[in-house]
Amino acid sequence: NDRRILCRGGREMGADETAFRFNFTFGEDDGGPSVGNGDPPIKDARSPKRPRPATGTETAQELRIPEPRGSHPTTSDRHDRFAPQDVGGSVRLWKVVELMQQSTLVQGLDEETDLVPGRYEGGFKVWECSVDLCEHLVEAYGLKPAGDGACDGACLKGRLEGSRVLELGCGQGLPGVLCLLGGAEQVVFQDFNGEVLRYVTQPCVQRNLGGRDPDGTTGSVRYISGDWDGCGDLLERESFDLILTAETIYEPKSVPSLLDLLAWCLKPGTGVALVAAKVYYFGVGGGVAPFEEEVRRQGLFHIEHVRSVDDGASNMREVLLLRRKPEG
C-alpha cells in the first residue's frame, strides 16, 4: 500500500493566483482528510498527467459528459470555485480552484498534497508549463480579444480558425480552452483519469465558454480518458493540425508511447505538436534532453526550441515544437 506523497514540480504559482482546493465531503463517521506518513517529499519529482507504467494501463474510452443545467455559472460558482488565470497578452482564462464533486482520486489527501503515484497524478491543478504553453499560443498564433479590453470568457481572434486540436494529458485543459476561444473547429481533451475530465476539464471548458456572445459559434469538444497506448483507436489518423501537451515527459518510459500517438494523430506536412516541459524532473530522470534523445532515436520528427522560461525562482522550462519528417 504505497502512500508516498510527492510535491509539485517547481515553484508555487504567482501571488496573483488562487491555490487549488479539494472539495472534500465525508460521511459522519469519517475523520476527515489526512495524509499518511511515508517517504519525504521530493521536489520537482513528477508531473501531474500520467501514472507510472508499472501501475498498468487504463483502457481508453470516450466520455459523454453532460453539461450542467444552466448555460452560465452562478455568482457563487464564479467566486468560490473558479479563479482568473492570466495566460499572456491581455488574455485571461478561468481555472477551477475547487472540485465540483467529491473525487475518489483525492480522498485522504489535503490541499498541500499534489500527487500519489499510481492513484492521483495532480491533474486537478494548473501546472506552470500549461501556462507557458498558453502564453506561447497567444504569441505564436496572434490571439487577442475580439473586442476591447481583456478576454474574459469572450471570443479571441487569431490564426486558429478551423483547426482541429488535441490536448494530451490535459488536466484542466487551459491550452485547449484557449484554442476553442480562438476559433478551433474541434478540440479533443485527453487525460488518464476520467474523474479529472469530469470534475475539472469539462467545468473549465463550460466556465470559459459560458460568457460568450449567445450568437457566437463554438467548436465541438470531445473527452477521452485512458492510457496513451489505447487512444489511437479513438482518434482519427493524421487528422490534427495542432497537438498540445504540458508536463507529460517527466518519466522517460512514457515518452515512446507519447511519440507514437503524436505520429498517429498529427497531420503530415502542416501539423504541429507543442510540448511544454521542465528542463529536468528531479528524481525520475525525465526532461527536455531525454525527450530530445528519444525523438532523435525514433527519427519521425523535426524538433526545435521555441520558448524558454528562466524566472530565477524555479526549474527552467521549455516549449518544444515538433513536425513530422517527410516520408521516404
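**Exercise 1.** Sort the lining of the largest cavity by residue class.

Solution. Start with the classes: five lining residues are nonpolar, four polar and two charged. Ala, Val, Leu, Ile, Met, Phe, Trp, Tyr, Cys and Pro count as nonpolar, Asp, Glu, Lys and Arg as charged, and the others, Gly among them, as polar. The model is predicted: local features need pLDDT of at least 70, side-chain atom pairs count only at pLDDT 80 or more, and totals for chains, interfaces and linings use all residues. Residues are numbered from 1 along each chain as its sequence is written, and side-chain values use heavy atoms, without hydrogens and water.

Next, locate the lining. It has 11 residues, and Val126, Ser130, Cys170, Gln172 and Gly173 lie nearest the cavity centre. (A cavity is a set of points on a 1 Å grid over the protein atoms alone where a 1.4 Å probe fits but cannot get out; lining residues have an atom within 4 Å of a point.) Finally, the volume of the largest cavity is about 40 Å³, taken as the space filled by probe spheres set on the points.

**Exercise 2.** Describe the salt bridge between Arg222 and Glu62.

Solution. First, the distance: the two side chains meet at 3.0 Å, N to O. (A salt bridge is a side-chain nitrogen of Lys or Arg within 4 Å of a carboxyl oxygen of Asp or Glu.) Then the placement: Arg222 sits in strand 9 (residues 220-225) and Glu62 in strand 1 (residues 61-63), 160 residues apart. Strands are DSSP runs (E, at least two residues), numbered from the N terminus.

**Exercise 3.** How many salt bridges does the whole structure hold?

Solution. Search the whole structure; the count is 13.

Conventions:
1 Å grid on protein atoms, 1.4 Å probe; cavity = no way out; pocket = protein on both sides within 12 Å on 5 of 7 lines; lining within 4 Å. Helix = DSSP H or I, 4+ residues; strand = E, 2+ residues; numbered from the N terminus.
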